[in-house]
Amino acid sequence: MVVLRAKCIVAGDSTVGKSALVQTFHSDGSHFPKSYTMTEGVEVCVKSVVIPDTSDTVELVIFDSAGKEIFYDHVKKNWDHPSVVCLVFDLSSEPSFHSCSKWLERIRNQKPEIVLPGVLIGNKLDLEQRRTVTPKFPMEFASSHGLEYFECSAKEQQNVEAPFYYLAQEFYKMYQTKAETITSMAM
Amino acid sequence: MLDVALASAGAQVVLATSSDENFPPENIIDGSGSTFWLTTGLFPQEFIISFTNLMNINNIRLLTTNVEGLSIERSVQNEPVNFEPLTEKVLEFVEGELQSEDIQVDATTAHHLRFVIKSGFDHFISIHRVNVNGSAVH
Ligand SMILES: Nc1nc2c(ncn2[C@@H]2O[C@H](COP(=O)(O)OP(=O)(O)OP(=O)(O)O)[C@@H](O)[C@H]2O)c(=O)[nH]1
Ligand SMILES: [Mg+2]
C-alpha cells in the first residue's frame, strides 16, 4: 500500500468555474457555490483518490488558482514543482478556450523538462443554449498538447470526478514506471 | 575512518517524508546501491540519519537519481533537534545511471544528519546510498 502525493494546478480564465469544479469534487457533490466568489490568489485543498484494483491512493493537493490577471504574480509563486495540470474553460465562452494555451504555457514553463500529465475541461455543459465552443477544437488542442479532454457541469455534477481520476491514474502510472526504471538501472 | 551511516554500524533513519513499503528509507543505510528509498511525490522531501553517538565526519557520498537541489544539516544533540546548515548542493542531471556525489565537509561533528531534497529533475527521486566517513568522538 502506498500513498502518492500530486500537486494539481487548476488554471483558466476567471469565472469559468474552477472553484465550482474543485469544490464540487472535493465535497463529493454536496457543495456547489451558486454565487460567484472571486478567488484571490490560490486556494488549496486535498482529496484522496483510490486507484482501482489496488490498495494504493493518490492524494491530489489541488491548487485552485485565481483566473483574474491582477493576481497572477502572486499565483505564480505557488506553482513551483507542479505534478499534474487541470485547465478549465467555459463552453459558452470562446475567449476562455483560447486562453488555455497561455495558461498551459505558464504552468509548463515552471519546469519545461518535466512531463506533466494534464486534462482540458470544458465546463458549464448544462448551458446547452449558450454553448459556443464545439468539441472539435478543444479535442484537437488537447491531443496536440498531450492532454485528455473532458466536458462537464459542476452545477449538475456531471462528469466532475472523471478528469481528476484520470490525473490520479496517470500520476500513479508514472510512479510505477519510474520505480521499474530505477530498479533496473540500479541492478 | 569508517562508513558510519550503515544499519550494521548502528545507524538509523529516524524520519523520512515518503514511505512506500517496497522502497523504504532503510534502503539508504543497508550498504547496497541497488536498493533505494523512492519519494512518492511533492517537494521538498527529507530524511534524517542518526548515528550511534557523536561522530567526527569529513566526507559524505550520495548515490541518487533525479536529485537537483539538496541541503544537508547537522545536529550534535542526543535527540535529532537544533539542526544547523552544513552544506548546500545543486546536482547535475544524469541520464540512464545513478548520480554519484562526493561532498567534502571540513572536519566537523554530527550525531544526526538531515538531508533535504528541495527539487528534482523528475516528480520522484531515489536515494540508494549515503556514505558518511567518520569515527566516534571520544
Ligand atoms: N451554469 C453553470 N454555472 C457554473 C458552473 N460552474 C460554475 N458556475 C458558475 O460560474 C460562476 C463562476 O464560478 P467560479 O467557480 O467561482 O469561477 P472561477 O473559475 O473559480 O473564477 P476565478 O476564481 O475568478 O478565477 C459562479 O457563479 C458559478 O456558480 C456550471 O457547471 N454551470
Ligand atoms: Mg475561483
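I began with a term: buried means under 20% relative accessible area, exposed over 50%, and partly exposed in between (1.4 Å probe, protein chains only). I noted that this is a predicted model, where local features need pLDDT of at least 70 and side-chain atom pairs count only at pLDDT 80 or more, while totals for chains, interfaces and linings use all residues. Residues are numbered from 1 along each chain as its sequence is written, chains are lettered from A and ligands numbered from 1 in the order in which they are written, and side-chain values use heavy atoms, with hydrogens and water left out.

**Metal site.** I found the magnesium ion (ligand 2) coordinated at 2.0 Å by OG of Ser19(A) and OG1 of Thr39(A); donors are N, O and S atoms within 2.8 Å of the metal (3.2 Å for Na, K and Ca), and as water is not among the atoms, sites may look incomplete. Ser19(A) lies in helix α1 (residues 18-26) of chain A and Thr39(A) in the loop between α1 and β2 (42-50), so the pair ties together parts 20 residues apart in sequence. Helices (H or I, at least four residues) and strands (E, at least two) are DSSP runs, numbered from the N terminus. I recorded Thr39(A) as buried, at 9% relative accessibility, and Ser19(A) as buried too, at 14%.

**Interface.** I then read that 25 residues of chain A are in contact (heavy atoms within 4.5 Å) with 29 residues of chain B. Two salt bridges (a side-chain nitrogen of Lys or Arg within 4 Å of a carboxyl oxygen of Asp or Glu) cross this interface. Lys111(A) and Glu68(B) meet in a salt bridge, at 2.4 Å from N to O. On the side of chain A that touches chain B, α6(A) gives the most, with nine residues.
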